[in-house]
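Please read the following note alongside the sequence and the coordinates. It takes the contacts between the parts in turn.

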Amino acid sequence: MKQIYTITAFAENRPGVLYRIADLFLRRKVNIESLTVSEIEHTGQSRFTILVHAEPLLVEKLVKQLYRIIEITKVIDSLDQSLIIKEIALIKITAKNLERRREIEQLVHLANGKIAAVNQSYLVVEKTGTEEEIDSLHELLKPFGIKEFVRSGRIVVFK
Amino acid sequence: MKLTGSQAVMESLLKENVKVIFGYPGGAIMPVYDALYDYMDRIIHVLVRHEQGAAHAAEGYGRITGEPGVCLATSGPGATNLVTGIADAMMDSVPIVCITGQVASHLVGSDAFQEADVMGITAPITKWNYQITDANEIPEVFSKAFHIAKTGRPGPVLIDITKDAQFATFDFSYPKEVKMESYQPTTHPHPKQIELAAELLNKAERPYILAGHGVIIAKAEKDLIRLAEKGGIPVAQTLHGVSIFPTAHPLHVGFLGMHGNYGPNILSNKADVVLAVGMRFDDRVTGRLKDYLPDAKIIHIDIDPAELNKNVQVEIPIVADAKNAIQALNKEIKKRSHSAWIKEFQKCYQLEEKKVIQNECDPKKGKIKMGEAIYKLNELTKGEAIIVADVGQHQMMAARYAKFVKPNSFITSGGMGTMGFALPAAMGAKYALLHPPNGQVSDGKASLDREVICITGDGGVQMNIQELATLAQENLPVKIVILNNDFLGMVRQWQELFFKKRYSMTKIKNPDFVTVAKGFYLQAEKVEKREELMGALKRMLKSKGPYLLDIKVEKEQNVFPMIATGASVDEVRLE
Ligand SMILES: Cc1ncc(C[n+]2csc(CCOP(=O)(O)OP(=O)(O)O)c2C)c(N)n1
């Protein structure tokens with residue numbers, strides 16, 4: 001049965017590694033649901049966090065095939081229960097009318113979000129949390145008319 | 001030492017003990033060719049006639065020596081012409097290093113003249129690739145490239161060098177050793193796994209060894225023979241495993257796969273313990289997976305962890321170099337014999353002999369047959385030759401009927417099945433015998449005199465036939481045997497068996513190959529009659545230079561036994 005897996009790959013930070021990773025998922029026809037890459041400080045290593053929805057056996061094969069990429073040093077596949085998962089979302093909402101703004105601010109406050117930017121014509125809401133928390137705030141804000149909605153893809157640390 | 005990037009390329013090749021390179025010049029690699037001009041006393045450059053030829057020649061060289069074969073090409077079309085050869089090397093785990101020129105770094109990405117995205121194109125078909133834009137990177141990248149190509153599971157590596165990096169001067173010093181944090185292939189088996197494996201083998205009633213290319217790459221042939229002899233275990237070889245065992249060895253039961261021997265296929269499913277070593281359970285070997293090895297506990301040794309549990313679920317995966325693993329197993333294995341089990345293979349062979357082999361190798365009437373031609377060739381070479389086979393019916397016939405006394409004597413394109421592979425690969429193999437890498441001890445005269453025979457089809461020889469010019473220019477004594485049936489035979493066979501004999505585009509009108517060969521200044525002969533075959537083969541083997549023998553064989557002959565695609569190994573057909 002398909003499950004959500006987070007594949008965390010560590011690699012030497014060099015051009016071309018992402019290309020090879022993406023190619024492998026393409027060959028195996030596994031869609032990458034989200035992907036974040038960052039450099040681990042001072043190590044010359046990058047950390048890739050790849051979210052996929054796939055069969056366990058296929059994930060096992062993908063992990064082993066990832067090791068064929070020369071620059072890769074370590075690959076770990078995890079289910080959600082063994083991870084602390086966070087994502088960040090930015091939600092831009094047009095709100096010229098003061099009362100609407102207040103309503104939004106209240107909602108955001110209740111949902112543990114932040115107002116990241118404001119001006120006369122719009123607000124930008126920032127929400128850090130689990131994917132579900134972001135989804136639910138997104139739902140709550142929909143009636144206000146969302147102009148832009150962007151999420152970072154998950155980052156995780158191991159429990 | 002101050003050098004230009006191009007000189008550094010030459011010096012790096014020397015540091016890596018490279019003796020021969022196969023290549024073709026062009027704009028973006030001209031500085032390297034200019035540097036080569038001063039190194040021609042130390043490096044032999046073979047001017048192929050198409051870059052695909054260079055890549056396959058490098059493969060032939062790599063497979064015989066175990067050291068990377070090297071090819072050199074220009075940017076754009078030169079590099080893209082290498083692609084088929086690179087993909088072939090990737091599939092068959094062949095160590096090659098390809099060096100391509102690239103447009104100057106300020107032009108990269110701008111659609112400049114003869115710019116191709118070689119890094120992007122070759123990423124999926126190389127073990128590693130790297131673009132050098134700064135001459136200072138050359139020593140480290142070269143040492144890494146050679147290390148990666150030949151260690152672990154070998155494979156192709158490509159180095160793309162921009163033209164400005166070829167011109168730039170810098171202080172050259174070559175790293176003494178390769179330091180890499182990532183890429184640490186596991187070469188030694190886990191002792192516990194070996195213990196478990198030995199336990200299984202020691203208890204087995206019908207143990208069975210499947211031996212593949214990895215045994216040859218690890219130079220573990222002798223160790224495997226010792227293991228089989230000690231445990232009394234029959235051994236079947238994959239296409240790339242052919243010649244691990246001397247053909248005549250009593251425990252060698254034959255060749256596996258779609259057109260392999262009858263017994264090795266059908267009896268797979270009777271084995272209770274299978275030791276698969278240096279092979280990857282390719283679909284041509286396993287047939288229908290769901291009915292493959294139903295009763296066997298499987299031990300799988302491979303240096304590439306990604307091969308374990310990839311196609312077949314195994315009981316005991318062992319990540320290791322085949323030699324280390326087999327040597328470790330040898331210490332644990334008990335002396336046993338399984339004569340009843342081995343008799344079953346003999347019985348199957350007798351049946352195959354009666355139904356297929358006799359008629360194929362010793363027909364009394366009709367046209368010459370492919371098997372017969374190979375059989376007669378054997379009689380003359382006594383199994384000492386290196387056979388390089390192309391792709392098609394003749395390839396399967398060669399794998400089935402060529403006899404071998406030395407390991408690593410059969411070279412062909414297995415994973416990709418690349419038609420046009422054999423002629424350039426044979427060229428590379430011959431260079432490997434004549435000019436092994438610096439520091440590699442050759443067998444002296446034995447290896448200088450050893451025949452390299454390219455067995456090819458009338459279709460396949462026309463892909464890369466331009467390399468006849470290279471053979472002529474170098475006067476390289478490669479012998480080419482065309483098993484000429486005036487058909488794209490293997491495809492025709494499938495049309496006959498699975499497409500109601502609708503011969504769509506498989507009948508071909510061939511050139512007169514003797515005239516073609518003579519046009520290239522090769523000696524050549526055509527033979528059609530059974531009585532003349534032996535004489536013609538003898539003349540070919542006696543000749544000093546390159547030689548082409550066009551053997552007209554029966555047109556609509558099929559290769560049997562056969563496991564149809566999607567069938568199980570125990571549904572192997574004898575006719
Ligand atoms: C480059 C390439 N194109 C097409 C094929 C498909 N193919 C496999 S065998 C074969 C026929 C080969 O004919 P020939 O060289 O005459 O050999 P024969 O089978 O007759 O011995 C073809 C077309 C291939 N393997 N490689």
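Which residue of chain B forms a salt bridge with A:R68, and how far apart are the closest N and O atoms? The partner is B:D304, and the closest N and O atoms are 2.8 Å apart, a salt bridge being a side-chain nitrogen of Lys or Arg within 4 Å of a carboxyl oxygen of Asp or Glu.

1. Basis of the values. This is a predicted model, in which local features need pLDDT of at least 70 and side-chain atom pairs count only at pLDDT 80 or more, while totals for chains, interfaces and linings use all residues. Residues are numbered from 1 along each chain as its sequence is written, chains are lettered from A and ligands numbered from 1 in the order in which they are written, and side-chain values use heavy atoms, with hydrogens and water left out.

2. Chain B against chain A. The contact (heavy atoms within 4.5 Å) draws on 25 residues of chain B and 17 residues of chain A. About 1600 Å² is buried between the two chains, with 45% of it on carbon and sulfur atoms; buried area here is the accessible area (1.4 Å probe) that two parts lose on being put together, summed over both. Of the area that chain B buries against chain A, 27% comes from B:S182, B:A306 and B:K310, more than from any other three residues.

3. Polar pairing between the chains. The pair described at the outset belongs to an interface for which the count is 2 salt bridges. Between chain B and chain A there are also 11 residue pairs in polar contact, both residues being at pLDDT 80 or more. A polar contact is a pair of N or O atoms within 3.5 Å; within protein, one must be able to donate a hydrogen and the other to accept it, and residues adjacent in sequence count only if both atoms are side-chain atoms.

4. Domains of chain B. Chain B is divided into domain 1 (2-171), domain 2 (191-345) and domain 3 (367-552), with bounds that come from an automatic or database domain assignment. The centres of domain 2 of chain B and domain 3 of chain B, taken over C-alpha atoms, are 30 Å apart, and their contact involves 16 residues from domain 2 of chain B and 20 residues from domain 3 of chain B.

5. The interface of domains 2 and 3 of chain B. These two domains bury about 1400 Å² between them, and 63% of that area is on carbon and sulfur atoms. B:L239, B:S243 and B:H259 account for 38% of the area that domain 2 of chain B buries against domain 3 of chain B, more than any other three residues.

6. The ligand. There are 18 residues around the ligand, the closest being B:Q393, B:H394, B:G417, B:G460 and B:G489, where the criterion is a heavy atom within 4 Å. A polar backbone atom of B:G417 is 2.8 Å from a nitrogen atom of the ligand. For oxygen atoms of the ligand, the distance to a backbone N or O atom is 2.9 Å at B:G459 and 2.7 Å at B:G460.

7. Domains of chain A. The assignment gives domain 1 (3-78) and domain 2 (84-158) in chain A, with 29 Å between their centres, taken over C-alpha atoms. Domain 1 of chain A and domain 2 of chain A bury about 670 Å² between them, 60% of it on carbon and sulfur atoms. A:T36, A:R47 and A:T49 supply 46% of the area that domain 1 of chain A buries against domain 2 of chain A, more than any other three residues. Here the count is 0 salt bridges and 3 residue pairs in polar contact, both at pLDDT 80 or more.
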